[in-house]
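Here are my notes on the helix packing and the nonpolar cores. Please read them with the model open.

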Amino acid sequence: MESVRARAGLRHAADPGSGMASAAAVERVGGADDRRVDDEELASIRGVEVQGQPVPQRHPRVRHPANRSLPAQDRQASELPDAETDHGHFRPPPPFSLQPLFPPPSSHLPLLLTLVQAILLAALVHDLGHDGLNNNYHKNSISHRALMYNDQSVQENYHLFLLFSGMDAQPEVDIFHNLSQEGFLELRKSIIDMVLFTDMSKHFMLLKDLKETCEADSLDDKLRAASELLMKAVLHVSDISNPAKPRELAISWTERCIEEFFLQGDQEKSLGLPISPQCNRDTTSIPDSQIGFIEFVVLPSFQVLSSALPVIKDVCLPHLQSNLLYWKEKKEELHASSRKNSE
């Protein structure tokens, strides 16, 4: 029987025969030495000290029995979509490298610390396993990721999958092991909500909600009640913050992003797919793309968020205004050069 993509006349770049490895050949974490860690060895690993403090034993947490029915390496491979290579294999950090973020459970642990933990980790993993292609490409190419997540926030769902399935497959790098079941589920929900809202398709909905919150008369009380919304907004705005950086950094990251877009456009063209906006290297004006991005997406977001976080007005908005002026000057230079060449 033909696959969905075969009937559509498409061969995704990660399909067998395209030069990339099949799922069976996916490099497994830890290489040939990957194996289940026995209780004695796990206890010895967890007995190491972090910043002078002994690491406590894993806090018991309920887990679905199906997750434990296979050896770790086979379970991880079985959870990856068929032929899913996409440069996004989970590679665990050194054991306990993030452990100080997650102290032993305490009834006195303030809510603020929990929120800080959640947003820091969400920021670290929000692009985990990204393959340099956007959601539009995955939907149009009917990739395995798109099929796995039914075209809904494809990349964002995949980043989250890699985070949680990776730690589930290798308990020795599970940085959540100190958390209670309730604490883990609460933190997991916060991370999922934040990462999913880095999907640009949710941008204007998020901006609308944030604007309504920040325009309230009793802003302080409103923000306290909307801490989850504020965290989503902070992570999302940080994700699109390249133009809010100092000039040299902003230009450097713009060049990297534009080249990534153009490489996607090249691939879309080779597959006969519609070329995504800003991805056509033959027709995209870089100054125009940056002016539009700053004026209609980034600047309004920072302006609204500055009502809740006033430091943005002093630190970020001046860079945004300066970089916007830079791209407008670049646009004028290109126009002047074009007019001169046509004379």
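**Notes on packing**

1. Lys189, Asp193, Met194 and Val195 of α8 meet Glu228, Met231, Lys232 and Leu235 of α11, contact being heavy atoms within 4.5 Å. By class, this contact of α8 with α11 has four nonpolar, no polar and four charged residues. Here Ala, Val, Leu, Ile, Met, Phe, Trp, Tyr, Cys and Pro count as nonpolar, Asp, Glu, Lys and Arg as charged, and the others, Gly among them, as polar.

2. The model is predicted: local features need pLDDT of at least 70 and side-chain atom pairs pLDDT 80 or more, while totals for chains, interfaces and linings use all residues. Residues are numbered from 1 along each chain as its sequence is written, and side-chain values use heavy atoms, without hydrogens and water.

3. Helix α8 spans residues 181-196; helices are DSSP runs (H or I, at least four residues) numbered from the N terminus. The axes of α8 and α11 are 8 Å apart, at an angle of about 45°; axes are lines fitted to C-alpha atoms over the stretch in contact, with angles from 0 to 180 degrees between N-to-C directions.

4. The largest nonpolar core has 25 residues, of which Leu210, Phe302, Leu305 and Leu320 touch the most other members. Such a core is a set of buried Ala, Val, Leu, Ile, Met, Phe, Trp, Tyr and Cys residues joined through side-chain atoms within 4.5 Å, buried meaning under 20% relative accessible area (1.4 Å probe, protein chains only). Helix α13 gives the largest share of this core, eight residues.

5. Beyond its neighbours within four places in sequence, Leu320 is in contact with Pro243, Ala244, Ile294, Val298, Leu299 and Phe302.

Definitions and conventions
Buried < 20%, exposed > 50% of the residue type's maximum accessible area, 1.4 Å probe, protein only. Helix = DSSP H or I, 4+ residues; strand = E, 2+ residues; numbered from the N terminus.
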